[in-house]
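Hi there,

Here is the structure I promised to pass on. Please have a look at it first, and my notes follow below.

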Amino acid sequence: MTEVTYERYDGQDGTRRLDALLPAYEEVYAEPPYREGPRDVAEFIDRYQVQAQRTGFRLVLAREGGGEGDVVGFTFGYLLSADTYWWNNLLEPMPKDFTTETGDRTFAIIELAVLKPWRRQGIAAGLHDRLIEGLVVERVTLTMRPEPEAAPAQSAYSAWGYRKVGRSHPWEEAPIYDAMVLDLS
């Protein structure tokens, strides 16, 4: 395989990278268990443009080769604001001291994806490590699909130290996700 290079973009620099990551998004999320189509991709584009404006936004791209090679994986996230609804989506209530956010307590990973031919080569771990590198937060959170097709991701998150804190239903048409937390403090 060709060497992979990583690029991290913070804040507004990430906003301008949507075109670079979109082909990888479309390819990964067309697969099971997601099976996303054009409407889902359009909704992702709209969401990304809003999410990229959030405080603490970070994007990491993994590219084949160097420079302007094709994107073979990506991840992004942002700091949860003090008025976030993130924890309101949990199906089982959590204690207030767990769900209270300050704007700099928790970093949420929104997406982490690697193209199929590039999987099981440590690229997801490389993306993850570069995304959270240098964060000054207590914890990192993400949601993941519980279906058997997502078993490799489930194993990776567990190996990286994430623990399940509940089940999340983030919007009306969404499936149920496992809510995960990695304690950094």
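Helices (H or I, at least four residues) and strands (E, at least two) are DSSP runs, numbered from the N terminus. This is a predicted model, in which local features need pLDDT of at least 70, side-chain atom pairs count only at pLDDT 80 or more, and totals for chains, interfaces and linings use all residues. Residues are numbered from 1 along each chain as its sequence is written, and side-chain values use heavy atoms, with hydrogens and water left out.

The loop between α2 and α3 holds P33, which a cis peptide bond with omega of about 5° joins to P32. R35 is found in that loop too, and R35 has a positive phi of about 50° although it is not a glycine. For background, most residues other than glycine have a negative phi, and most peptide bonds are trans. R35 is exposed, with a relative accessible area of 56% (buried is under 20%, exposed over 50%, partly exposed in between; 1.4 Å probe, protein chains only).

A positive phi also turns up at R120, about 60°, and R120 is not a glycine. R120 lies in the loop between β4 (106-114) and α5 (123-132) and is exposed, at 69% relative accessible area.

On contact (heavy atoms within 4.5 Å), L18, L21, L22, Y25 and E26 in α2 meet V41, F44, I45, R47, Y48 and Q49 in α3.

Happy browsing, and do write back with any thoughts!
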